[in-house]
Amino acid sequence: MENIINNLTTSFDFSYMLAINILTYFLIKTIDNFNGKKKVKVYIKRLCLLVSIIVVTILYKYSGYTNNIILINSAIASPVAWSWIFKPVFDKIGIGYNKNKK
């Protein structure tokens, strides 16, 4: 078990993944607020994710981060972490970006 945890911590940058997910959440939430009663389309959400990955990656590279493999692994794992961890928690406490539109 210790080997698995060690491998996870050395293969992913969790702060990078969290930054991508937070930025994506705020972008989608902003679009949702301007969108009125219509739901945000899936391709817009994916575009927000892509923009977030690009922005956060640029900031990481600008700050001197050099391990590209970890950034790629983390960028790929970010939407999975959102779907499995962050979104269920946000929905449970009532701060998800999808509004109950009637």
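Helix 2 passes helix 4 in a right-handed crossing, a crossing being right-handed if the near helix is turned clockwise from the far one by less than a right angle, and left-handed if anticlockwise. Helices here are DSSP runs of H or I with at least four residues, strands are runs of E with at least two, and both are numbered from the N terminus. The contact, defined by heavy atoms within 4.5 Å, is made on the helix 2 side by Tyr16, Met17, Leu18, Ile20, Asn21 and Tyr25. On the helix 4 side it involves Leu71, Ser74, Ala75, Ala77, Ser78, Ala81, Trp82, Phe86 and Phe90. The two axes, which are lines fitted to C-alpha atoms over the stretch in contact, with angles from 0 to 180 degrees between N-to-C directions, come within 8 Å and cross at roughly 60°. Helix 2 and helix 4 are therefore oblique to each other, the term for angles that are not under 35 degrees (roughly parallel), over 145 (roughly antiparallel) or 65 to 115 (roughly perpendicular).

The model is predicted, with pLDDT of at least 70 needed for local features and 80 or more for side-chain atom pairs, while totals for chains, interfaces and linings use all residues. Residues are numbered from 1 along each chain as its sequence is written, and side-chain values use heavy atoms, without hydrogens and water. The mean pLDDT (the predictor's confidence in each residue, from 0 to 100) is 87, and 93% of residues reach 70 or more. Confidence is lowest in helix 1 (residues 2–11), at a mean of 79, and highest in helix 3, at 95.

The protein comprises four helices and zero strands. Of its 102 residues, 26% count as buried, that is, under 20% relative accessible area with a 1.4 Å probe and protein chains only, against over 50% for exposed and values in between for partly exposed.

The largest nonpolar core consists of eight residues: Tyr16, Ile20, Leu49, Ile53, Val56, Tyr60, Leu71 and Ala75. Such a core is a set of buried Ala, Val, Leu, Ile, Met, Phe, Trp, Tyr and Cys residues joined through side-chain atoms within 4.5 Å. Two or more residues each come from helix 2 (14–34), helix 3 (42–62) and helix 4 (68–93), with helix 3 giving the most, four residues. Beyond its neighbours within four places in sequence, Ile20 is in contact with Leu49, Ser52, Ile53, Val56, Ala75 and Ser78.

Ser74 lies in helix 4 and counts as buried, at 0% relative accessibility. Apart from neighbours within four places in sequence, Ser74 is in contact with Phe12, Asp13, Tyr16 and Met17.
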